[in-house]
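Please look over the sequence and the model shown here before reading on. The notes are meant for a reader who wants the criteria stated together with the values.

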Amino acid sequence: QVQLVESGGGLVQAGGSLRLSCKASGRTFSTYSMGWFRQAPGKEREFVSGINRSGTNTFYADSVKGRFTISRDNAKNTVYLQMNSLKPEDTAIYYCSASRTQGVVTVKNYYDYWGQGTQVTVSS
């Protein structure tokens with residue numbers, strides 16, 4: 001129904017920036033709330049940021065608040081995660097996800113579709 005493909009990951013030094021993109025294929029992109037999650041080796045997949053359908057409401061995990069910015073361009077079927085002031089602790093596979101829930105969702109169980117992930121590695 002909807003396919004999500006992340007891109008923009010890579011290797012960056014601490015303090016640097018990356019912008020992740022999540023391109024959705026489907027005709028109902030604007031009906032989904034979107035979220036970014038990440039999973040580091042040996043850790044649970046954790047919520048990073050979420051955005052509602054129109055892009056007017058956002059939410060961030062405490063660990064990234066003030067450093068990351070989520071946005072979406074519904075005309076392009078794309079969600080972005082701008083990551084600034086990156087830390088080695090941000091190293092993880094970052095996943096884009098879509099939720100049929102109306103508002104911003106922070107729990108991964110409420111997300112219905114997932115991308116394949118993109119690796120972000122922050123060196124110290």
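The briefing below covers a sheet, a disulfide and one glycine.

This is a predicted model, in which local features need pLDDT of at least 70 and side-chain atom pairs count only at pLDDT 80 or more, while totals for chains, interfaces and linings use all residues. Residues are numbered from 1 along each chain as its sequence is written, and side-chain values use heavy atoms, with hydrogens and water left out.

**The four-stranded sheet**

- Four strands form an open sheet in the order E1-E3-E8-E7 with antiparallel pairing, where strands (E, at least two residues) are DSSP runs numbered from the N terminus and two strands pair if DSSP finds at least two bridges between them.
- The edges are strand E1 (3-7) and strand E7 (68-73), each of which pairs on one side only.
- Neighbouring strands of this sheet are turned by 15 degrees against each other on average, with direction ignored; the axes behind this value are lines fitted to C-alpha atoms, and angles run from 0 to 180 degrees between N-to-C directions.
- E1 and E3 are joined in the antiparallel sense over five bridges, and within this pairing Glu6 stands opposite Cys22 in E3.
- Strand E3 (residues 18-25) also runs antiparallel to strand E8 (residues 78-83), with six bridges between them, and here Ser21 faces Tyr80 in E8.
- In a regular strand the side chains alternate between the two faces of the sheet.
- In E1, the covered face holds Leu4 and Glu6, whereas Gln3, Val5 and Ser7 belong to the uncovered one.

**The disulfide**

- With a disulfide taken as a pair of cysteine sulfur atoms within 2.5 Å, the count comes to one.
- This disulfide joins Cys22 to Cys96 at an S to S distance of 2.0 Å, and it links distant parts of the chain, since Cys22 lies in strand E3 and Cys96 in strand E9 (residues 92-99), 74 residues apart.
- The torsion about the S-S bond of Cys22 and Cys96 is about -80 degrees, so the disulfide is left-handed.
- Both Cys22 and Cys96 are buried, where buried means under 20% relative accessible area, exposed over 50% and partly exposed in between (1.4 Å probe, protein chains only).

**Gly115**

- Gly115 is found in the loop between strand E10 (113-114) and strand E11 (118-123), and Gly115 is buried, with a relative accessible area of 12%.
- Leaving aside neighbours within four places in sequence, Gly115 is in contact (heavy atoms within 4.5 Å) with Leu4, Glu6, Tyr95 and Cys96.
- The C-alpha atoms of Gly115 and Tyr95 are separated by 5.8 Å, although these residues are 20 residues apart along the chain.
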